[in-house]
Amino acid sequence: MAKQLLSGNEAAAQGLWEAGVAVGSGYPGTPSTEMLENLVKKDGPTCEWAPNEKVALEVAIGASMGGVRSAAAMKHVGLNVAADPFMSVANTGVNGGLVLFVADDPSCYSSQNEQDSRNYAAFARIPCLDPSDSEEMYAFAKEAFGLSERFDTPVMLHETMRIAHTRTMVEVEGERTEVAPRAYESHPEKYVMMPAFAVKRRAVTDEREDALVAWAEETPLNRVEMRSTDIGIVCAGALYNHVREALPEASTLKLGVTWPLPPKKLHDFAASVKKLYVVEETCTYFADHVKALGIDVSVPPEGPLPRGGEVLPAHIKAAFGVGEPPHPAPAQGLPGRPPAFCTGCPHRLVYVELHKMHAIVTGDIGCYTLGAVAPYKAVDSVIDMGASLSMAHGMELAQAGERSKRPVIGVIGDSTFAHSGITSLLGTIYNGGKGTLCILDNRTTAMTGAQGNPCNGVTLKEQAAGVSPLSVPKGKYLDIEALCRAMGADEVETIDAQDAASIRKALRTAVKHEDKLSVLVFRSPCRLIDRSTHPQPHIVDCRKCGTCIQIGCPALGKAADGSAVIDTNQCIGCSQCIQSCPFGCIKEGE
């Protein structure tokens, strides 16, 4: 035994590894990403980045069916993508243990919405384990495979951002249990979900639910902690710690298993206190289920907790009348730090031109979403992974561009294109769609930390070994242009994303081709993977027009007299400012 300071993601990787996981698959998505990135560093498991979460779960299901313990990792919105196989495997059951590692993001720190994935667990009727710190994450991860195999079910291992990225002490055994693969035998009636077999499996899952409820009543993962009988609080996950900090005298029913809930334990706990409360965030998952059991749930004396975002100890104190609500004050004397493209980012010049064109831009999920903010303000929608290309086609069908006299342009990144943009493009081509679609290929999955993807060819194992996408042999990665041509795009052109003149020409030419579907691939590596620098430019006789400032480079600023200045600590010599100056005042470095 050794004590280690681990994040929730690190603890999950350690626990799954010790429990004998053989296959791990996932798609990078904050706050879940680091789990697989830590698991791949350990001897034994085969770990992969999949093109998307649906594929990741299907790989894990296949490995489980083949008899080994497997895990699929994703964030909450990724579970939406994986919902189809998820609902079916809940019906088929498993062979080797199957764990679905899902991370939620209350307050939308890195996401387009808030969701409580425990609703999916309840919907599919599979066990959901909800650790409250890294030590419990480690323990629950080790427990999950045995639970999966005992009850013939996938198990959800659920966390939130606060658990994923907070480090707490964990007592680690450090020894891996090598689990012999289970024999595979053909069972069409179990795994072939044609209607006649699916109906029979429904009866099996009903019996499984009854057995799981009985287990939930007895498992020590659900724990009653009696203190004052005036207040009893039902809670789980990180909020258990917040409740203990805010209301140290309150009794708690800490639920480590958040589906199924234990009806008798809940009734007994409610009967042992004068008033029962539920503390949860982003939705009313617990409150609804507890009320459905006929248990009265009280509203905190000073009013309900926030309906959205993270619930902090200060919120709980305020709701129970023992403190003031949080009033975050901005730091004094410090400059603002709005999100921005990095110095030398290859997306910048594309959005500068899209802004000048007054285009209607259907955007997508990735760093390039920042094209929506100042100074570009050149993105009109961001809905979900892959939506940009489909929505551009929908805008075309609505004739939005013709009626507004603005070109409609879809914009997607390389990793997102592989994730779910390919089928969107296929739908547009199949239905005779026209217009302009842009693929911003920066050779990596930049937003989540420069992971590999099919478009750069770097596997998760190679990523862990430090292989750069810039050194991947040609032919190993997806040839985006060849694929687009094979799918039937009318025009496919590759443009240097650091060449402003070429970007301008390509975009303005493409939007004139009203009877064609043009795919423009803007390619240049992300600064996270290409950190090379060039001689820094210098400014001579600045005209103070401010044009260069408007490209939004962090290395460009304005002096007191209005002239442009270059921050030599940040400048990498990318030449974007040189290309933007209309008077030639910014000269190449030497």
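Select proline 31 to begin: proline 31 sits in the loop that runs between strand S2 (23–26) and helix H2 (34–39). Helices (H or I, at least four residues) and strands (E, at least two) are DSSP runs, numbered from the N terminus. The bond between threonine 30 and proline 31 is a cis peptide bond, with omega about 15°. This is a predicted model, in which local features need pLDDT of at least 70 and side-chain atom pairs count only at pLDDT 80 or more, while totals for chains, interfaces and linings use all residues. Residues are numbered from 1 along each chain as its sequence is written, and side-chain values use heavy atoms, with hydrogens and water left out.

Next, select proline 375, in the loop between strand S14 (360–362) and helix H16 (387–397). Alanine 374 and proline 375 are joined by a cis peptide bond, with omega about 5°. Most peptide bonds are trans, and most residues other than glycine have a negative phi.

Cysteine 108, a residue other than glycine, has a positive phi near 55°. To find cysteine 108, look in the loop between strand S5 (98–104) and helix H6 (118–124). Its relative accessible area is 30%, so cysteine 108 is partly exposed; buried means under 20% relative accessible area, exposed over 50%, and partly exposed in between (1.4 Å probe, protein chains only).

Move on to glutamine 399, in the loop between H16 and H17. Glutamine 399 is not a glycine, yet its phi is positive, about 55°. With 42% relative accessibility, glutamine 399 counts as partly exposed.

Now select glutamate 402, in helix H17 (residues 400–404). Glutamate 402 counts as exposed because its relative accessibility is 55%.

Threonine 160 belongs to strand S7 (residues 155–160) and is buried, at a relative accessible area of 11%. Show its contacts (heavy atoms within 4.5 Å): apart from residues up to four places away in sequence, threonine 160 touches Asp104, Pro106, Ala238 and Glu281.

Finally, select valine 172 in strand S8 (residues 167–172). Valine 172 is buried, with a relative accessible area of 3%. Setting aside neighbours within four places in sequence, the residues in contact with valine 172 are Met1, Ala2, Gln4, Leu6, Gln14, Glu18 and Tyr138. For a distance across the model, select the C-alpha atoms of valine 172 and arginine 406: these are separated by 59 Å, and the two residues are 234 apart along the chain.
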